[in-house]
Amino acid sequence: MSDVMYDFELYQPDSVADALELLGEHGKDAWIIAGGKDSLDWFKDRVKKPPVLVDISSIAELHGIREEDDGGLAVGAMTTLTEINESPVIRAKFPVLAEAAGHVASPQIRNAGTLGGNLSQDTRCFYYRDGFPCYRAGGNTCYANTPTAMNREHTLFEASRCVAVTPSDTAPATVVLEAEMVIRNKKGQRIVKAEDFFIGPEIDITRMTVLKPGDILLGVRFPGKWAGSRQYFEKVADRNVWDFALLSIAMAAKMDGARIADVRLASGAVQCTPRRMTSVEDLIKGETPGEDLETLVARVASRGAKPLNYNHFKIPLLENLAKRAARSLAA
Amino acid sequence: MAYKLIGKNFTPPDLEAKVTGAARYAEDFRADGMAFIRILASPMPHAMVKKIDLGRAEKVPGFLAALTPDEVKQPGPTGQPILAAEPAYVGQPIVAIAAETEQAAEDAVAAIEIELEPLAFCVDPLESLRPGGPNALTGGNISGRRIEFQEIKWSGKDFALAGEDALPKGTPVVEWAFGDVEAAFKEAAVVVEENMVHASNAHHAMEPRTAAAYWENGKCHVWGSTQSTAFAQPALARLIGIEPSDLVFVAEYCGGGFGGKATSYPLMALPALMSKKLGGRPCLARVSRAEEYYNGYARAGFQAWAKFGFRKDGRLIAADVYVVQDLGSTSGFPDFNNVGNATSIVFQPENMRFRAMPVLTNTVPKGAQRGPGENQTANMFEPLIDKAARELGIDRLAIRLANAPGGGGKDAKYGAEQGPVTSAYLREALVKGGERFNWAERVKTSGQRNGSKVRAVAIGQAYHSAGRNGFDGLVRITPDGILHIHTGVGNLGTFSYASTSRVAAEVLGYDWSRCTIERGGTARSLPWNLGQFGSNTSFTMTRTNFVAATDAKDKLLTLASMDLGGSPDDYDLVDEHVVHKSDTARRVSFADCAKRAVKLGGAFNGQEVPEDINPMTRAAVAAIAGTGLIGVAKDNLAKEGVVPALSVGFIEIELDLETGKYEILDYVGVADCGTVMHPQGLAAQVRGGAVMGFGLASTERHIYDPAYGRPGARGLHQAKPKTYLDIPAEMGWDAVDQPDPQNPVGAKGIGEPLEGAASSALICAISEALGGYMFNRTPVVTDMILNAAAGRPQSHKPLQTNCE
């Protein structure tokens, strides 16, 4: 409620090496800020008050889109969502990513918000953001999963104490494109598959990604495997702009004539991480799109869902979006 | 009547500053040595402050002073204190701190040690009415305008009789009826009956209610964000504890109000009180978005039941309505009364009973929000009209035409007393809208499906009272010939302060470029005017400006006859000259008349004033007396009956059954607003009202966790007003353009029902797309549509409120 930030130390390194030095020096006290679209809310509300901020926006190597030898792309973590949405090469090779980036928040936020920030942002559960001492905040209760809690936007799947969902629109796209996150810390660089980058509460309830203090997400590699494939993205939110997804779906597919030769689907806002829809993938691989297939898709898409007080609407929505994705592959 | 200015477009004088950013709002105020105020707000929905320890706060570098509840006036139990000793909602201000910087103030707030004793709370009015249910305030759960603060619990039998999902109908505190409702229901060909919920929702004006103040030479200067100027001053002076004459109040621009800034309010007085404590030092109390949610008031929600009986031809012969209003934590706004009145004027039931129960809850205080009660009426009851049409097998436009008041309103009846109205052309608005929208053709394909999408058309209607009388007008012609129109109405943003001022220029035949509007602060010598709220400005202020200009005209004619011979009747006003009718060489300019008035004194230059004007007007005239020819008068023009603003909306949507999303393909709003004063201004109101209405219908609502009493829609992205990408790029508008006979230029207001017509039209269209599905809940949000389309039950219970 405060709306006035507290005092913190602000560092603005212009190289990854300097940033890593600062992160190493300040350890858990340090917080990486990129576009600031998630961070500043926390600071103004004074719910999270890290004493040291490392602003990585001035590091040139974190910006931009580069074509790779395998036909894929490397996208710097500081590349803005607008740049991704408008990039001709991304639109040609990975339209699902361009579409997802173009559906984030609002034009103003996309101009400042970055790919790295969108992927790394914290959940939007209003109890957690309001400062409730919940599991994710280090407490021992989930306030969004009580018999009377307001949880319309929360999980359908894989809840483990916490029922908050991933709010990222680009995250499902990275999963279906088999993207690789390039992470560096003082010990060196490592590559983490998108599916492994996002972590649920059963692994660590206080984080949503594998990023730990000292880590910098340098960028995301999108391998050539899915470049130019048939891709689909759809997001449903209450408003057409400046709204988090009630549910989103991303798909990449390769066709063999009318048949679906290979496919990956992931949905957003149904669990803490982007959800690979493997049962739908298994079902439609090798099949020809059509009404009969859509009926089966609807049957398996939401299998295992455990709705909360106010979110069973996500079941038909997930089924419908999966059907629409499959339908988009019809000739 | 052919007018020179009225009905013509013009550029309002405040427009350029708003577009260029030159406009200065309260938050833009800065002064040397300014102190900054931050607030400690209640983290609990209901508590008693047991102890406030400022020891640590006072040690924060930059700390200057603190204000605590015991230092400010505490109103009655259902009033809203500036700082609360018994906070009754999360976010209610308890302690204010001033410091050298805003950050220091916030740091000091964080260092306050406060002890709160939690008290019982409730966020559901029906829960409070249950036997043994919690009271929102110590000592009671019932209040309302002119309703005593008291505790009322309905019996277990009342709840048992109703059943789990129907509104219990215990003894109400408001009840009225006309005709024989029960007998009429027996005659009805079709009876529709539904229980329903209308959510509360935040105003969330773009400009939060920041205020600034300082004291100098015994006067308190305040910059505030309000819809009104003159009307806001006395109440603000009372809050500060001074005489109105000792308050210099500046309110030049208002970044949105919608009723939530109708006049002054407790938070506006805070910097003045803090400044006084600091010896007059300028103080700024900036209000954040979340604080605007907590302190910005809200539309009241309802849990309701309605039963309507219709004849075969669609005529409504019986209406029985019971509403339980969520007052919030203060006596709130009497939306409930407006539900009864709106039902009576829009649908003209032949027999009607109305009952209401306003209940206190531990949610943010409720105030007027655009069409308070009337627009909820439209959203709750228009779908019932459609349901009846379907059951009767008659067209949805036809059933509205069968009930709408029209033909000028001679047969129209209003409210419990079934009193008269000044004019009513709702029927004509329906006809005009139907033709413009091509309803007859488009309704034929309504409900047709194309893939996963369904197109649907629908109609909404709404009402609000639209005019008052008895206020003062003040104009002045200075020796340079310029006409100064002094208006205290305020500047909500509708430009009606300017369009109504043009009436004075019209009466005197002025070129508009030679007129200036004196407004924006009490130092501009403002007459006693009603505030800019309640859709009243067009009617009320055209009358005040008319009588003031008429007084000036009489004085011009008198002066000319005194100097040029003959009687006043021998002269006309022509091109800012007083000209003899038969000898045009005998003429004198307005500028010269003003010079003569200055010399003559008396009533001509304001040294004498009419006895019946308000003391504020009297003081305003005294401040400008001797500077020109003064026209000043009280509006004593005849007025009998309620002035109704009426509006209809026609809409077409395409709804996707698989996503619950829809596109608004077309919208046409038609206004019954009397004479159209300013076409562009009206167009902006029709469209703006529709945008706001679409949000009211489909996304905006309060959410409270019932276990913790904390809200979940404090920010703009959570409250979800509509954006540009949610609305059609083009929206049509029109007006009946029939003058109201009780206004000198035929004008009456319109702002508020334009929202309700659009919101109810959208709700009806969504229902139509789903085959007449009755949501009985506003807003109709995405998940409700999805559940309806999928044949699944809704997540909420039928009468559950403040929930998702």
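**Domains of chain B**

The model is predicted. In chain B, the domain assignment gives domain 1 as residues 299-467 + 641-790 and domain 2 as residues 468-634. The C-alpha centres of domain 1 of chain B and domain 2 of chain B are 39 Å apart. To the contact between them, domain 1 of chain B gives 21 residues and domain 2 of chain B gives 18 residues. On the side of domain 1 of chain B that touches domain 2 of chain B, the elements that give two or more residues are β18 (453-465) and α19 (679-698) of chain B. Sorted by class, that side of domain 1 of chain B has 10 nonpolar, 9 polar and 2 charged residues.

**Helix α13 of chain B**

Helix α13 of chain B covers residues 426-437. Its 12 residues should span 16 Å at 1.5 Å a residue, and because its end C-alpha atoms are 16 Å apart, the two values agree. The helix α13(B) is mostly covered, with 9 of its 12 residues buried. Among the buried residues of α13(B) are Leu426(B), Ala429(B), Leu430(B) and Phe437(B), and also Arg427(B), Glu428(B) and Lys432(B). Gly433(B) and Gly434(B) are buried as well. Just after α13(B) comes Asn438(B), which takes a positive phi of about 60 degrees.

How exposed is Arg161(A), given its C-beta neighbours inside 10 Å? Arg161(A) counts as partly exposed because it has 14 such neighbours inside 10 Å. Glu178(A) is likewise partly exposed, since 17 other C-beta atoms lie within 10 Å. Both counts fall in the range between the cut-offs, where a residue is exposed at 12 or fewer and buried at 20 or more.

**A cis peptide bond in chain B**

Thr778(B) and Pro779(B) are joined by a cis peptide bond, with omega about 5 degrees. Pro779(B) belongs to the loop between β29 (777-778) and α22 (782-790) of chain B.

Technical notes: Residues numbered from 1 in each chain as written. Chains lettered and ligands numbered in written order. Predicted model: local features only at pLDDT ≥ 70, side-chain atom pairs only at ≥ 80, totals over all residues. Helix = DSSP H or I, 4+ residues; strand = E, 2+ residues; numbered from the N terminus. Expected span 1.5 Å × (residues − 1). Domains from an automatic or database assignment. Contact = placed C-beta atoms within 7 Å. Nonpolar A, V, L, I, M, F, W, Y, C, P; charged D, E, K, R; others polar.
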